[in-house]
Structure formats: C-alpha cells, structure tokens
Amino acid sequence: MAARIIEHEDGIYFGLSDVEYFADPALGSGDHKALAMAPEAYWFGSLYNPARPEHKETPARLLGHGVHKAALEGAAAFQKAFVRRPDDLERLTAKERAILAPRGERVLTGDQYDRAALASAMIRAHPDLSGALANGYPEVSIFWTVEVDGAPVRCKGRFDYLRPRAILDLKSIAITQPLPFPVLCIRAMRIFKYPVQAALYLEGREHVGRFVAEGKVHGDIDAAFLDALAAASDWAFVWIFWASEGPPLVWTSQFSPTNPLLDDPRAAVEQARRNFANYRARFGTDAAWIEYEPLRELTVEDFETAYGRHL
C-alpha cells in the first residue's frame, strides 16, 4: 500500500508529530546522504516507492527515543511517555502491553528504561550543557525550498532542540573498541556522514528569521522566543553524543557555519540536490530510479574509489 504523503508549506513548525514530519517527502538529511551517493537507493526507501520496506522499531531506536524524551523534555515527560517493563515478565503480549501502557505509552525493558534515565541525567549534568537544554523547544521541524537548475527542490529538517543560537542534536554510540570516547564519536561522524546533517540544518536555520517575519510559524509559541530566534545573527550546530552501553559517557562538540569542515558536506548536499533534480526529470517519482551501467574495463581508479580512498 502506498505511503500517506503530506506536503507542508515552507515554514517552521512547533509541535509537529513524527508521523506528520516523516510523511512529507521533502529531502531530509538521510535523503541527502543517499542521493549524493546512490539515487536509486534513495528512491527505493522513499515515500514514492509503493513497495517501500516497512519501517520497524528496533530496540536501539526505542532506547534513543527514550533518551530524547528524558534529556530534551525532562524526567516527568519521560515517565509520562514510557513505562518500565517488569523484569519477571517473560513475554510482552498485546494483553500485557494494554495493562502496562493503557494510554499508549511505549514500553522499555528494565535495562533500556534505566539506561535512558541514566544517559539523560549524565547529559544534563555535563558542565557545558547544564543550561543548554532550557529556554528552547524540542523537536522543531522546518521546511524550505531551493532551486536547482530552475526546478524547485523541497528540503526539511527536524531539530532535536532549538535555541536562538544553537541547534542541539543527540547521537547515540556503542562503545565497541578500547579507544577514547571522543575518537569513537568522531569516527562515527565520518562513517555515518553526520556533518551532512549539520550542513543541511545550518542552512535551514538561515531561513528562520525570514519565516518569523513572514508569519510562517506554526504552533503556539512564546512571542519573545520567536523574537530572539529572528534577532540572532550567529548560531552553531551542537552534537551531544551519549554511550548506549558501557560507561555512561557524554561528549559534546560543535560546528559553526564558517567551519571549513563543512565544505565537503555542503558539496555533498549540492550534489544530492542535483542528482534528485536530474533523476526526477528523467524518471519522475512513480517509477524506480534504475539505470544500467555500460560494460567497460575495470581500472585501478575504480578499486581505489571503491575502497574509499577518494570518498
């Protein structure tokens, strides 16, 4: 069955649900990453594919949602949205779920529940983050349109936490090697291309002042906060990494818009949009974006590229 598609007008949205955000086919950070390297993979996983694989909630994602709720909105919000599964409950049936979560709360195992509470506490205890998760708003969505070769390309972002001078984003990481935690976090940045998200979100942040001035703000938001958002002239993208297992470590870092480390991610964003506009013009959105590579002789350059020396 084809996915439900909702296209939002350009603007900034407070209180937009996850379901409504992800139902919009505007290009998010994951879409840009896929499009820059493999447009066919983007289309296959997109809302345009009626046979798109079903999105399944994994234990890691569920834990991440719990940490987001607790760290960004506080312990009371976490306890309202999540419940702890009893340790002696061997199987979570529909009946048991209805008893444990009568209001539709999400159920975490004991280990997950305790880890979410601990991780959020460690994040809020970090000296540089003690006041960062206050005087802002969680889960803020933004939609904007750019032009690529004369064609409109819609983009989107969902800020984990928005303050006038910062976009904060939580990332989990499993400690799989005996290396300093910052090293593992920086390696994850490269492997998962997290700087592409930073480049995209910082671009989206540039539109906020205009959206506020034009009244393109959705949701019941304090006017003073909107004024502060519009008045800010500089901001940064701030990562908050937390360990999903092992010692409850937390590490934070940031990219300011002028950071030269954003040069390559911005190039990837531009390439993604060119690929999207090109493939959409050639195939539309209803047909699979599949093209055949011609038969040719392999070269040393092919192998060097495939092994990542030029990626």
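Helices (H or I, at least four residues) and strands (E, at least two) are DSSP runs, numbered from the N terminus. This is a predicted model, in which local features need pLDDT of at least 70 and side-chain atom pairs count only at pLDDT 80 or more, while totals for chains, interfaces and linings use all residues. Residues are numbered from 1 along each chain as its sequence is written, and side-chain values use heavy atoms, with hydrogens and water left out.

- Seven strands form an open sheet of mixed pairing in the order 7-1-4-5-6-8-9, where two strands pair if DSSP finds at least two bridges between them.
- Strand 7 (217-218) and strand 9 (250-255) each have a single partner strand and stand at the edges, so one side of each lacks a neighbour in the sheet.
- Three bridges join strand 5 (residues 151-163) to strand 6 (residues 166-173) in the antiparallel sense, and Tyr161 has Leu168 of strand 6 as its bridge partner.

**Helix packing**
- Helix 7 (residues 110-125) lies across strand 6, strand 8 (236-243) and strand 9, at about 135 degrees to strand 8; axes are lines fitted to C-alpha atoms, for helices over the stretch in contact, and angles run from 0 to 180 degrees between N-to-C directions.
- The axes of helix 4 (residues 59-73) and helix 7 come within 8 Å and cross at roughly 40 degrees.
- Helix 4 is therefore oblique to helix 7 (angles under 35 degrees count as roughly parallel, over 145 as roughly antiparallel, 65 to 115 as roughly perpendicular and the rest as oblique).
- By class, the contact of helix 4 with helix 7 has 10 nonpolar, three polar and three charged residues (Ala, Val, Leu, Ile, Met, Phe, Trp, Tyr, Cys and Pro count as nonpolar, Asp, Glu, Lys and Arg as charged, and the others, Gly among them, as polar).

**Aromatic pairs**
- The count of aromatic pairs is 20, with rings of Phe, Tyr and Trp (its six-membered ring) paired if their centres lie within 6.5 Å.
- The ring centres of Phe78 and Tyr113 are 4.8 Å apart and their planes stand at 40 degrees, so the pair is tilted (planes under 30 degrees apart count as stacked, over 60 as edge-to-face and the rest as tilted).
- This pair links distant parts of the chain, with Phe78 in helix 5 (residues 75-81) and Tyr113 in helix 7, 35 residues apart.

**Backbone**
- Most residues other than glycine have a negative phi.
- Glu139, in strand 4 (residues 137-148), has a positive phi near 50 degrees.
- Lys193, in the loop between helix 8 (181-191) and helix 9 (194-205), has a positive phi of about 55 degrees.

Conventions: Contact means heavy atoms within 4.5 Å.
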